[in-house]
Amino acid sequence: MSDIMVNLKSFQSDHAVEESEQPLLCLRSRCKGMMVNACAHAVFFCKLLHTLRQKESGKVSLIASKESMGEGLKVGIVGGGHIGKQLARALLELSGILAQNIHISTRRPETLSEFQQLGVECFYDNGQLVAWADIVFLCCLPSHLQHICSGIRAALREPCIVYSLVTAVPLPRLKQLLSYSAILRPQYQCTSRNVENVWGTNGTIIAALQDPIVIQATCPCSPKERIAVTGKWLEAVFYAALNSCMWRHLPHQRALKLLNDVCFPEHCPICAEQKTACPRFVCGNFVNQTFVSSLTQEE
């Protein structure tokens, strides 16, 4: 049966608002765009670390066994609210990390049966989560952050990386609360008012992240990016990846080669099409067994 309302715009959700309510629709779209970008960049970082782990152990192949994938990156999520759930779904669907390697700590683990049925371990012990994980995502409310940081500070240790999705809390404050420096915090800003044409207001985050147009729009290096993340964040991501390898006692030249092999493969189709040589990472500042960035993240 055909949809008799398909050409009646006034019956469609995006048009069934008064003109005075259009700014609210734009805000909804921006909110979704922020979430799509946050999940896309978190998945990118996890896939980068996960692939480096596999390549380091010589287990990267087109068809990876479940056993080899199970030895990979361990991801912890603090917070089982809206952001934590969306991130968990994105990681399960798109990162290649097994459910058994994803743990969630939340005050109400009984509300996460959706993830428990898939094999994700859900409990309430932030310290235990941090002591286990290689990367910890902070997905809590800003008002809860100080209490959470005081509870996990003692459990933090290298090579654990903290990735904050908490709004309104800048990086210097996070470092102060945690007494820890291996922290990533993306900072976003809208670069275009016409964001609703890309993100829309309907559909799931997972569906959006499987759309080539959306994927292009989330790329930090893309000129079509509608919600920008600072370039310093991308640099910080690569430094964090290098130091993650170093903290596992990998020689720094080997760590650098691994990152080059993962990011710039020998037969890169983009460089081949443009008939240019692939860029390469080179060793800049290396102090006390740690790669040191010449820049800091946006604060």
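Two residues are in contact when heavy atoms of theirs lie within 4.5 Å. Keep that in mind as we explore this predicted model.

Let's start with F137. Setting aside its neighbours within four places in sequence, F137 has contacts with A42, C46, V75, G76, I77, V78, L87, L91, Y163 and L165. F137 also belongs to the largest nonpolar core, which has 81 residues. Among the members that touch the most other members of this core are F137, V75, I77 and L91, along with F45, L138 and L145. Helix α1 (residues 22-56) gives the core its largest share, twelve residues.

Which residues of α6 are buried? In this helix, spanning residues 142-152, they are L145, I148, C149 and I152. They sit on the same side of α6 because they cover an arc of only 105 degrees around the axis. An α-helix has 3.6 residues a turn, so residues three or four places apart point the same way. On the face turned away from the buried side, you will find the exposed residues S143, Q146 and H147.

| Element | Residues |
|---|---|
| β1 | residues 75-78 |
| α5 | residues 126-132 |
| β4 | residues 135-138 |
| α7 | residues 171-178 |

Now for the whole protein. It has 13 helices and ten strands, and 45% of its 299 residues count as buried. Among contacts with a separation of 6 or more, 69% join residues 24 or more positions apart. The accessible surface comes to about 16,200 Å², and 54% of that belongs to carbon and sulfur atoms.

Definitions and conventions: Residues numbered from 1 in each chain as written. Predicted model: local features only at pLDDT ≥ 70, side-chain atom pairs only at ≥ 80, totals over all residues. Heavy atoms only, no water. Buried < 20%, exposed > 50% of the residue type's maximum accessible area, 1.4 Å probe, protein only. Helix = DSSP H or I, 4+ residues; strand = E, 2+ residues; numbered from the N terminus. Arc of directions from axis to C-beta. Core = buried A, V, L, I, M, F, W, Y, C linked by side-chain atoms within 4.5 Å. Areas by Shrake-Rupley, 256 points an atom, 1.4 Å probe, with all protein chains shown as cover.
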